[in-house]
Each structure stands twice: as structure tokens, then as C-alpha cells.
Amino acid sequence: MPDETAPAPQPVTPLPAAPLSITTLEGGELPEGLLDAVVAYEDALRRDDAAALADAFEPGPGSVRVDAQGVLVGHDAITAFRARRGGAPARRVDECHVRVLDPGSAVVVTVNAPTGGGRGVVTQLWRRGAGQPWRIATAHVQAPRPAVDTRVWRVVSGPLVPARASSGPLAGRTVAVKDLFAVAGHAVGAGVPAWLAEQPVETASAPAVELLLAAGASVAGLAQTDEFAYSVAGRNGSWGTPPNGAVPGALPGGSSSGPASAVALGQADVGLGTDTGGSVRVPASYQGLWGLRTSHGAVPREGLLPLAPSFDTVGWLTRDPATLRAAAEASLGAAPGGSAGRARSGPSGATGPSVVVDPRVLAAVEPDVATAFTGVVDALVDDGRLSGLAAVAVGDLDTLFELFRVVQAAEAWRSHGRWIEAHPGVLSPDVAARFAVGASVDAEQEQEARVGLAEARRALDAVLGDAVLVLPSASSSAPRLDASPEEVDRVRGATLRLTCLAGVTGRPAVSAPMLRVAGGPVGLCLVGPRGSDLALVDLAASLVG
């Protein structure tokens, strides 16, 4: 919502109620009580009186609130938004224009001056029934736009780093770089202000950045990430939660949350991210984007702050498959030891790739996602875009996830544990809890999990071979911003049971925005053999025509 596209308002002393006068009036005499209702609404905003603000809107499913991020429909949705917003910036109303429609309805346009500067405009349709108070039926809020939304960007410029070439597959495109990659002239922030304050300025950019610059792209800025990239929700306790560009009021998905939101909002063409346990695929799924997790090690990881090196890999987010293909080809084709050769030949034979599903995987997803997935796959088979679909058994996802979780946690603690111990209390509770799990993993437990993972990888390779596995990218559509920690953790666990399949095997995975449920978009995920990155993107693109 517009109030949530700007950085969270700082605590302020409420301004005293100011007198409000009518600037212009048309359509007849001012209806009795209307001006008082407008004044009461502004006073409730000033006091952040959630109950009064809820009462100001018409009850039931018909009331509407619109802003730059989208539409809230129904009294319950509007009230929930206000409850999680935590107050609006203080403002002074300078103008009030009233257009009377009839004795029981009027359009009111107010022009306000927030204490932080700029001008805002609010347009409201007020109505009252017989014996009822005036209430808002529809509201359109236009708030002053911040120069930089610090929930999305830590640093942004035009451009921050210019392209190295005037031509190339990404000429004219802009890149939002996840704040884990080294960019010359800037420190790596990792989503943690206390970490950022202690880091040196980088003297050279990471190869993953340079490959895009050499292909004609410019870096728009450094985009936010979940703290140390240890989440798939997209929340950040210090910088705030980037807005979901596809579903207003929903989580953006993480940990490549900033790059994903920048791309979904049209502020960049390519999001350069990382994917350890789903950190490209989940935000792609939640925000209706294309996302590619590359084969493990296909793109150099020098200059990348690690989380769990056994699983960390580079990836990109885009709004269309052609741009994703261009970013992948520019990076994989030039990367030393990369997978360009196999990617061009791909996993397919003369009749195309073998495509497989495991119907039991759907037990880990929400019912509406399972229904949408089955419907899309059946339609693709019926029209010949997927042929020879076969069923396989990938094994027990609970066991696989537990092995993955133990090794990831142990490596994450090895990467950042010493710094975290020296800076108690700086991380959000959920991220801190995950690192605490890593601290508790002893050498014997880690080794047992690694042996189990190696066995699981061999078993999965035997089952999948050169086939492409198709499954949902996430267990659900994006949870709401006001979802409880328990709900977010439940969704996270279910989603990681899907995404860890690619992480354990080191295989590439593409998320294509092909599913739709009531809550918003969900990705269709294709997991291919190692080295088939480009062919996998081509296959995914062919499914959408």
C-alpha cells in the first residue's frame, strides 16, 4: 500500500488538531455532519486510533481503499492493513474540495502536507444511510513518493555502476544487485546494519556482477536482502519488508527480496540474487517473476558473502523469459568452468527432454496450489507442450529437508557465528533462532547429515537422470504481511521441502509464473540436470508459448 511503499514513519509527537475549512464546494449545500466526519477522520489518523479509523469505513465487503501498491477490498482487509501499518506520517490538511452528489453522498478531495515534506492527495467517496453516520465507501490515497525506498534499496543511483560495453545481450538493461555481492566502491551490507558498519569498501566487483556489466547492463543499485540471507520470507527487522509487486499487503519472498521487488515494481530489469534453499525461486513465485537458480558452481562465487557454501549458487530474476535467458547466457557463457556447453545441448534428445513428476510432492503444498499445478500440467500435456510425462518417486521429503537443514545450519554458523556471538541481539528473532540451531550442531551430527545427503543425492540422480522434474516453486502463494510467525514458519518449512531438491543435487531450477491461486501467483518449477541451465530456461519459455 502507498503508506507501505515508503520507509516506515518515525515516531513523532502527534500534531494538535487543526481547523478544517472548505476550499471549494459544488453540487449544493454542504451536507450536515460531513465536514465533522472528515475532521474526525483526520484526527483519528493523527492519533493512530485504529478503532476510529476502522469505524470510518463502511462495513462489509464493498468498501475499497486504493493506493500505489494496489487495491484493498472489504472492511476486514482495510482494517488489517491499518493494524499492521503502525501509524501514518503526521500531516496538515491544506485544502478540502467537496463535490456533493446527493444528500447522502459526496466526493471529498483533500490536499495534505506531511511533516516529512511533499504533498499528498486523498480522494474519498463519503456516504450515509438513513440514521447512519457518514462513512467512507471508497478512498484513493496518493502519498508523496520517497526518493529512495530503503526497504528495496540500500544504495541506488542512475546508474550506480555504468555498463562496460555499449552493446551486448543486456545493453540498456539495469540490474538490482543483492547486497551480498561485492560492488567496487561500496561495502557489503548483508541486510544487517551493524555488519555493514564494520565492513570495508570493496575495491573490485564480484565476477557475477562484472559478467552482467560486460554484457551491456548497468548496476542500478544494491538491493536489500533478509538478514545474512537466512530466510525465504523477505522480512528484514532493520530495513523493513520490501513490497510485493504482485500482491499488495503480502510478503515479497526472500532472501533475494530486494532484487525481486525492484524487478516486480519496474525499478530494474534484472535482479542478481543468490539461491541456497530457494532464495531466487520463492520471491519469483510470490511476485509472478521468472527466476533461475543456476547449477551449483556454474557462476563464480568469488566476491559473494557466503551463507552455506555447499548449497549457495547465483541466480537472476526478471519479468520475462527472454531477459532471463540473456542474463544467464551472458554469465554462463563467459564463466570459467561454466556449463554453457551442456546447457546448449541440454537434457533433451531428438524428441525433446524427458519430463517427470512425483505426485506425492503435492502433499507438501496447499490444496489450491496442488489443484492449480495439476490443472496447468494436464493442460500442457493435452496441448502437446509436455509429452511423455512420467511419474517418479523422489523419496521422503521430510528426511531430505532435515538433512539439508542440519548441514545448512552448521555451515551458516561457520560463516557468521563468530560475528553473531560478538554482537548479541542484533538479528531478528527468527533469523537468530536459525543461527542458534547451527551453533548447536556438533561435528558428529554434521558428518552424519553429510553422509545422508550424499546418499540422497546419489539416489535422486539415479531417479531423475537426465529428466526434468516439474513441481510447484512454493507451497503456497505469498503469505500476508500480518501472518503470524507460526504461519510464516509453517509455510517456510513446507516450501523448503520442495526447494531443497535442487539444493541437495546442485541442479538448476527455473521458476516460471504459470500458476494462479486466489492469493496470487505461484511459480511452476522445472529442475533439470546439472549443466542444463540455458536449455532449462528455453524449455520453460516454450511452455508459455
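Asp55 and Arg135 form a salt bridge (a side-chain nitrogen of Lys or Arg within 4 Å of a carboxyl oxygen of Asp or Glu), with their closest N and O atoms 2.9 Å apart. The pair joins distant parts of the chain, 80 residues apart: Asp55 lies in helix α3 (residues 50-56) and Arg135 in strand β7 (residues 135-142). Helices (H or I, at least four residues) and strands (E, at least two) are DSSP runs, numbered from the N terminus.

The model is predicted; local features require pLDDT of at least 70 and side-chain atom pairs pLDDT 80 or more, while totals for chains, interfaces and linings use all residues. Residues are numbered from 1 along each chain as its sequence is written, and side-chain values use heavy atoms, with hydrogens and water left out.

Accessibility is classed as buried (under 20% relative accessible area), exposed (over 50%) or partly exposed (in between), with a 1.4 Å probe and protein chains only. Asp55 is partly exposed at 46%, whereas Arg135 is buried at 17%.

Side chains of opposite charge can pair when their charged atoms come close. By the salt-bridge rule, the count is 30. Three of these pairs are tabulated below.

| Pair | Closest N to O distance |
|---|---|
| Asp55 and Arg135 | 2.9 Å |
| Arg47 and Asp49 | 2.9 Å |
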